[in-house]
Amino acid sequence: MAKIQTPQAVRGTQDMFGETEERFAHVVATFERVRRLYGFKGLQLPVIEPTAVFSRSLGEATDVVSKEMYSFEDRGGDSITLRPEFTAGIARAYLTNGWQQFAPMKLSVHGPLFRYERPQKGRYRQFHQIDAEIIGAAEPAADVELLVMADQLLKELAINDGVTLQLNTLGDTPSRDAWRAALVGYFNDHKNALSEDSLARLEKNPLRILDSKDPTDRPVADAAPVIDDYLSGEAQDFFGAVTAGLDAAGVAWTRNAALVRGLDYYRHTAFEFVTDRLGAQGTVLGGGRYDGLIENLGGPATPAVGWAAGIERLAMLIEQLPVQQLEAMIVLENDEGLGQAFALLRQLRQAGISADMIATGSPKKRYDKAVKQNPAAILRVNEHGYYGFSGEDTNSPLMNFLKSLAA
RNA sequence: GCGAUCGUAGCUCAGUUGGUUAGAGCGCUGGUUUGUGGUACCAGAGGUCGGGGGUUCAAGACCCCUCGGUCGCCCCA
């Protein structure tokens, strides 16, 4: 007889329960509330997309596309991919549904994403993000609004302490291309001073050398050509308008000329809210402008900006969770009263009062169990029905309910 | 993909240079005490020591493989 091996969770996935789940839910609830304050519409999108949605938009050479996607052939022979990020799918939905008619659109989504990576602190194979995008708005005001919203969200989650907004511009396409060419030339001239990782980056994603953590790269990277010298007048004005908007809105930021984005579609504004409280994962929330993306997917030239934040990472940073206390716990002292306890329980819940009941186990230990759940009040029920409570006599809905019972 | 480290009851862990029927606390179940919002005491259930292979008279301890967790690198939110 073969022994049954109990199944394990898939590597890098989590079963969230208890405080972990409460933290997660709190992040999502706060995001949903804040995004409504800013007039962002909700979106529900498929978790699976045609593989081309991501390979065309993120860049074939990026790690995400080349080695981290969960891609498979479905029974019809189509190549399907579990979404590794939101932006490309949102752009696809925008095009397939003809949402140009609604532009500019302020959209928000949250949900699971999948990346085949080595799990570590704040990084999972199935992870979750909240995401906000403005599609069809070319003005710097859109960038500013997104950043102001992100700033408020972090403040409402009370995790803004120790989190700073780093801002950069990658310029428009001509600026970016010129800068990139200059960087490649410069790094090629200094190949012998670069780390092995950075030599590989030079081939695949030279901009990434700029934010290399390897100390051997720092002198070369710090002396590299800066984007400012390659910015067109337009790009400069754009960035100036964004920073002026942030200052006017009272959002603190710092310039980080070495800040780049990992995905190919970014232009102009790039930003990250970073912290040192997450181990190796510094970025709490990141995004930027991606004016070229929708065109890459075969649509009309459409400007867009957006950001995303890892829910797990935000959840880890929350220090104080709002307490969720059960309002009423019924202790059934005598099983003869079970029917009356059920009736009371139902009345409480219909009155909008959270309630539960302890009616099993040794009768003498039921109070112990009730106390351990830490309810606001314990209601005593015996064979004669409800006859009293213990807890603070406040002006709560529960107390008013109990008084109406007595009356 | 690379590196480090860990994997013993539901949970947190102890298990001495490999040596008799693998332990504790908490939790759980029951009992006694107490008496009605967190008491104390007693008892019980619960483990093929992540999985597989090997060395040995003897492996939870040593070796190999494998699967996971954690933390870095890389990448990214």
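Ala 158 sits in the loop that runs between α5 (140–156) and β7 (164–169); helices (H or I, at least four residues) and strands (E, at least two) are DSSP runs numbered from the N terminus. This is a predicted model, in which local features need pLDDT of at least 70 and side-chain atom pairs count only at pLDDT 80 or more, while totals for chains, interfaces and linings use all residues. Residues are numbered from 1 along each chain as its sequence is written, chains are lettered from A and ligands numbered from 1 in the order in which they are written, and side-chain values use heavy atoms, with hydrogens and water left out.

**Backbone points worth a look**

- The phi angle of Ala 158 is near 60 degrees, a positive value in a residue other than glycine.
- Ala 158 counts as exposed, at 52% relative accessibility (buried is under 20% relative accessible area, exposed over 50% and partly exposed in between, with a 1.4 Å probe and protein chains only).
- His 268 also has a positive phi, about 55 degrees, although it is not a glycine.
- This histidine, His 268, belongs to strand β9 and is buried, with a relative accessible area of 10%.
- Ala 103 and Pro 104 are joined by a cis peptide bond, with omega about -5 degrees.
- You will find Pro 104 in the loop between α4 (87–96) and β5 (105–114).

**Helix α6**

- The 17 residues of α6 should span 24 Å at 1.5 Å a residue, and this agrees with its end C-alpha atoms, which are 24 Å apart (the expected span is 1.5 Å times one less than the number of residues).
- Ser 175, Arg 176, Trp 179, Ala 182, Leu 183, Tyr 186 and Phe 187 are the buried residues of α6.
- Down the axis of α6, these buried residues fall within an arc of 130 degrees, so they line one face of the helix (the arc is that of the directions from the helix axis to the C-beta atoms).
- An α-helix has 3.6 residues a turn, so residues three or four places apart point the same way.
- Pro 174, Ala 181 and Asp 189 are exposed on the other side of α6.
- The partners that the buried residues of α6 pack against are α7 (196–204), α8 (218–222), α9 and β9; contact means heavy atoms within 4.5 Å.

**Helix α14**

- Four residues of α14 (residues 397–406) are buried, namely Leu 398, Met 399, Phe 401 and Leu 402.
- Their arc around the axis is only 160 degrees, which puts them on the same side of α14.
- The cover over the buried residues of α14 includes β12 (328–332), α12 (338–350), β14 (377–382) and β15 (385–391).

- Ile 227, in the loop between α8 and α9, counts as buried at 0% relative accessibility.
- Not counting residues up to four places away in sequence, Ile 227 touches Asn 168, Thr 169, Leu 170, Gly 171, Ser 175, Trp 179 and Arg 255.
- Ser 55 is part of helix α2 (residues 51–58) and is buried, with a relative accessible area of 12%.
- Leaving aside neighbours within four places in sequence, Ser 55 is in contact with Glu 60 and Val 65.

**The second largest pocket**

- The second largest pocket holds about 200 Å³ of space. On a 1 Å grid over the protein atoms alone, a pocket is an open set of points with protein on both sides within 12 Å along at least five of seven lines, a cavity is a set of points where a 1.4 Å probe fits but cannot get out, and lining residues have an atom within 4 Å of a point. Points are joined across faces, edges and corners, and a volume is the space filled by probe spheres set on them.
- Its lining includes Asp 172, Glu 234, Arg 267, His 268 and Asp 291.
- α6 (173–189), α9 (233–249) and β9 (267–274) are the elements that give two or more residues to this lining, and α9 gives the most, with three residues.
- The lining of this pocket has four nonpolar, three polar and five charged residues (Ala, Val, Leu, Ile, Met, Phe, Trp, Tyr, Cys and Pro count as nonpolar, Asp, Glu, Lys and Arg as charged, and the others, Gly among them, as polar).

**Cavities**

- Two cavities of 30 Å³ or more are counted.
- The largest cavity has about 50 Å³ of space, and its lining includes Leu 170, Arg 176, Asp 264 and Tyr 266.
- The second largest cavity has a volume of about 30 Å³, with Leu 45, Phe 54 and Arg 83 among the residues that line it.
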